[in-house]
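Hello,

Here is the structure that you are taking over. Please look through it first, then read the notes below it.

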Amino acid sequence: MYTLKKANTYIEENRERVIADYRNDYHLMAPIGWINDPNGFIYYKGEYHLFYQYYPYESVWGPMHWGHSKSKDLISWEAVPVALAPDQTYDKDGCFSGTAIEKDGKIYLMYTGHILGETEEDTRQVQCIAVSSDGINFEKVKQNPVITEADLPKNAKPQDFRDPKVIKKGDFYYSLIASKAEDGGGQILLYKSVDLLDWEFVSVMLKGTKDEGPMWECPDIFELDGKDVLLFSIDGLPKKDNNFLNTHSVLAITGKMNWENGIFEKETEEELDYGLDFYAPQTIEDDKNRRIMISWMQMWGRNIPTETKQHGWAGSMTLPRELFIKNKHVYQRPVSEIRNYYTNKQSYNTIKLSDEAKEFETLSAQVSAIELVIDVKSGKRLDLEVRSNVDEKTLLTYDCDTNILELNRINSGIKLIGKEEELVFKRSVYCEPDNNKIDLEIFLDRASIEVFVNQGKYTLTSTIYPTKKADNIKITAEGEVEIIRLDKWDIEV
Ligand code: FRU
């Protein structure tokens, strides 16, 4: 039997056992054990709270709890007691992903209760509420579960019905819930309530075909820069050209949500991140009216070295990112608070490279931010090696003829092998220069790289596991490439 007390005692007694190699410095992780999706992201009484899918007892997925951390600035996080344990009949096999909203000064969590049956057919997923008036201690309400299979439309499977996101519009609360349709496609269901306890089915907000992935997960919706944006994550979206190469992918869809009839009209659709480790993002609007997103920086179905090496923990979140819309496209920028942790600035200006390589002997970048602006007008190709040593490197390549930026981790360190048919070790994105320039903002932590291209137009997020000290930087140009600016800071939290 899992309880909160058992989880919190276990964490207190065992957290010192965790092996620190590869633990990131400025990315959110659990003190010990496994994490996946961010949950219940909320700005509450002057602090950001982030919950997450959590199994404290091992560094593999298990019956899900909700771990909990809070922060004043989205960068420096404090772990607080576990918020939810699977301790009721309606959530006995896991408190799955969900959402948080403030009502009458209290935090209301809505999460999915996972109940395994004797057979897969008998499994059920239901929606439940837990409330807190201090932001730390949560009580599950007696009305639970508040949405069950009795509230499903005809075509929806009661076995796959999860990951509610609650928002408020006028007098109503709406909950978006991911569902699998009987015909084998994904869909998002919309429910409505006035008090967060009594819910009524409204509509199938958006429905996919079988080819658009068998299960959609973790939906989120918000209005930004005059557009409605829908994000969701897809288990098993088939690969299409250069997109969706991971086992799980995240889609950003812009369009128009009609709250009257509950239907989302889709205009554009694209993959949200072009790296190897990015899944299940959640967003909030904070007190500065910023739309901030945080995501799980890991991928289902691949080995995680901290687990295989028995370090006692697995999983990290991305750097929180602020979102913008320009020309119906979602841009991502690192939240500005990260700059408060920049130290040891080193700068280089105007270096012209002509078919040559430059190693920056005096630059060492491990837990760092790098800003690189290059002029590619007369160039053919640029290779940027980061986190490198004599044997290992993480490679970013910009091909000036095809305008393709590629991130390759084949030589980054420990091999990461997945369930994909072919080994997926690199990803790339088409990115035209802006006025002949490509600018890269690169965030390195002990086991991660996050690249923001051309003011956040595209991002590439991946884990990397160098096996020994790896902090060199090298730039190699084919043709003539001008480094207009190269700045590097260490990040100290
Ligand atoms: C997504 C997901 C969710 C589910 C949770 C379980 O990564 O599969 O759909 O609620 O993880 O941990």
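Helices (H or I, at least four residues) and strands (E, at least two) are DSSP runs, numbered from the N terminus. Counted in this way, the protein has 2 helices and 32 strands. The model is predicted, so local features need pLDDT of at least 70 and side-chain atom pairs count only at pLDDT 80 or more, while totals for chains, interfaces and linings use all residues. Residues are numbered from 1 along each chain as its sequence is written, and side-chain values use heavy atoms, with hydrogens and water left out.

The whole protein

The C-alpha trace spans about 70 × 50 × 45 Å along its principal axes. The radius of gyration (taken over C-alpha atoms) is compared with a globule rule of 2.2 Å times the number of residues to the power 0.38. For 493 residues a compact globule would have a value near 23 Å, and the protein agrees with this at 22 Å. Of these 493 residues, 61% count as buried, where buried means under 20% relative accessible area, exposed over 50% and partly exposed in between (1.4 Å probe, protein chains only).

The ligand

Which residues are around the ligand? They are Asn36, Asp37, Gln53, Trp61, Met64, Phe96, Ser97, Arg162, Asp163, Glu217, Tyr279 and Trp300; a residue is near a molecule if one of its heavy atoms lies within 4 Å of it.

Polar contacts are pairs of N or O atoms within 3.5 Å; within protein, one must be able to donate a hydrogen and the other to accept it, and residues adjacent in sequence count only if both atoms are side-chain atoms. A polar side-chain atom of Asp37 lies 2.7 Å from a ligand oxygen atom. For Trp300, an N or O atom in the side chain is 3.0 Å from an oxygen atom of the ligand. Ser97 uses a backbone N or O atom, at 3.2 Å from an oxygen atom of the ligand. Strand 1 (33-44), strand 5 (95-103) and strand 9 (156-169) are the elements that give two or more residues to the shell around the ligand.

Asp220

Asp220 is found in strand 13 (residues 215-224). Is Asp220 buried or exposed? Asp220 counts as buried because its relative accessibility is 1%. Its side chain makes a polar contact with the side chain of Lys165 (3.3 Å). A polar atom of the Asp220 side chain also lies 2.7 Å from the backbone nitrogen of Thr283.

Regards
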